[in-house]
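Take a look at the structure below. This briefing goes through it topic by topic.

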Amino acid sequence: TDDTFAGNLGKTDQFWMTYCKIIKFYLTMHNAVKLSNIELYAHSLFELTSIFFTTNHANYARWMIYYALELANLTNRPELFNVMQNGGFIINRTANPLSRVGTDMALE
């Protein structure tokens, strides 16, 4: 797979491998929201940062690292970590856990 990501097997293969990697990162972040798992959410944001650097989105990459580091350091503040782990970073307007969405998506 390293040859494919490097483009040694062609640009089309490289594009689709990158696309699959982005989708994998998105699905991890989506699952973190649905499960209300702040640690998995922070981890997925770190993973997505590499895509922003690769695609030359410097502002997104810079602020994503800052946001992900803030979330990763929540364990230093147990009261805030408990709030976030219990759904403080999601919005759920029904009793169905599958209808959970991130706060940024609920505003759109």
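In helix 5, Phe-81, Met-84 and Gly-87 are the buried residues to look for. They belong to a predicted model. The buried residues of helix 5 pack against helix 3, helix 4 and strand 1 (90-91).

**The nonpolar core**

- In soluble globular proteins, nonpolar side chains tend to be buried together.
- The largest nonpolar core here has 18 residues.
- Seven names stand out for touching the most other members: Ile-38, Tyr-41, Leu-45, Leu-71, Leu-74, Met-84 and Phe-89.
- Two or more core residues come from each of helix 2 (11-35), helix 3 (38-54), helix 4 (58-72) and helix 5 (78-88).
- Helix 3 gives the largest share, with six residues.

**Contacts of Phe-89**

- Which residues does Phe-89 touch, not counting residues up to four places away in sequence?
- Among them are Ile-38, Tyr-41 and Met-84, which are also listed with Phe-89 as touching the most other core members.
- Phe-89 also touches Ala-32, Val-33, Ser-36 and Asn-37.
- Gly-102 and Thr-103 complete the list for Phe-89.

**Aromatic rings**

- A pair of aromatic rings is described by the distance of the centres and the angle of the planes.
- The structure has six aromatic pairs.
- Phe-15 and Trp-16 have ring centres 5.0 Å apart and planes at 80°, so this pair is edge-to-face.
- Angles over 60 degrees count as edge-to-face.
- Phe-15 and Tyr-19 make a stacked pair, with 6.4 Å from centre to centre and 20° between the planes.
- Phe-15 and Tyr-19 are four residues apart in helix 2, so about one helical turn separates them.
- An α-helix has 3.6 residues a turn, so residues three or four places apart point the same way.
- Ring pairs join Phe-15, Trp-16 and Tyr-19 into a cluster.
- Trp-16 has 46% relative accessibility, so Trp-16 counts as partly exposed.
- Tyr-19 has 40% relative accessibility, so Tyr-19 counts as partly exposed too.

**A buried charge**

- Where is Arg-100?
- Arg-100 lies in the loop between strand 1 and strand 2 (101-102).
- Arg-100 is buried, yet Arg-100 has no salt bridge.
- The nearest side chain of opposite charge is Glu-39, 14 Å away.
- A salt bridge needs the charged atoms within 4 Å.
- Not counting residues up to four places away in sequence, Arg-100 touches Val-33, Lys-34, Leu-35 and Ser-36, along with Ile-90, Ile-91 and Asn-92.

Notes:
Residues numbered from 1 in each chain as written. Predicted model: local features only at pLDDT ≥ 70, side-chain atom pairs only at ≥ 80, totals over all residues. Heavy atoms only, no water. Core = buried A, V, L, I, M, F, W, Y, C linked by side-chain atoms within 4.5 Å. Buried < 20%, exposed > 50% of the residue type's maximum accessible area, 1.4 Å probe, protein only. Contact = heavy atoms within 4.5 Å. Phe/Tyr/Trp six-rings, centres within 6.5 Å; stacked < 30°, edge-to-face > 60°. Lys, Arg positive; Asp, Glu negative; His and termini not counted.
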